[in-house]
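Please work through the following exercises with the sequence and the structure side by side, and try each task before you read its solution.

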Amino acid sequence: MRRTITVGVGALLLVGLLGACGASAPPRSRSAGEDDDDSTAGGKSGGMLRVVWAEEAKFRECYDEARRAKPDLIMRVSLIMSVTGEGRVDRVSLTAAQDLDAKLKECVTGVAQAIRFPGTGKAFTLRPAVVFRP
């Protein structure tokens, strides 16, 4: 599942892939009025990617700070977030096509680790990507 959000004049895009236990969720039919991100790990409904998207302003703060050193910074950062059944992020890893500034990496990791998800009773992996551009 893919979803992109563009906000404001300077855009911060969040592109998400949701997987349960490391595997991509299979496509499924949607009910009327249901958003693309309403499927979650373990087959429960609730939109786990919305929880990540709700932190967009914090990811944006990381980007704005990084742009002080590199004003033309454009970058896609892929995250792998391991989430416990209680909804705590217990592991985050980041990858990008270009080198990640240590401060940007620390900031994005900190934002991701602070996110709390609704407890599902089952651990899952979430794979959002954050695209930073002016």
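**Exercise 1.** Decide whether E55 is buried or exposed, and find its place in the chain.

*Solution.* Begin with the relative accessible area of E55, which is 19%; buried means under 20%, exposed over 50%, and partly exposed in between, with a 1.4 Å probe and protein chains only. E55 therefore counts as buried. Finally, leaving aside neighbours within four places in sequence, E55 is in contact (heavy atoms within 4.5 Å) with V111 and I115.

The model is predicted, so local features need pLDDT of at least 70 and side-chain atom pairs pLDDT 80 or more, while totals for chains, interfaces and linings use all residues. Residues are numbered from 1 along each chain as its sequence is written, and side-chain values use heavy atoms, without hydrogens and water.

**Exercise 2.** Find which residues the disulfide joins, and describe the link.

*Solution.* The structure holds one disulfide, a term for a pair of cysteine sulfur atoms within 2.5 Å. This disulfide joins C62 to C107, with 2.0 Å from S to S. Because C62 lies in helix α2 and C107 in helix α3 (residues 102-114), the pair ties together parts that are 45 residues apart in sequence.

Note on methods: Helix = DSSP H or I, 4+ residues; strand = E, 2+ residues; numbered from the N terminus.
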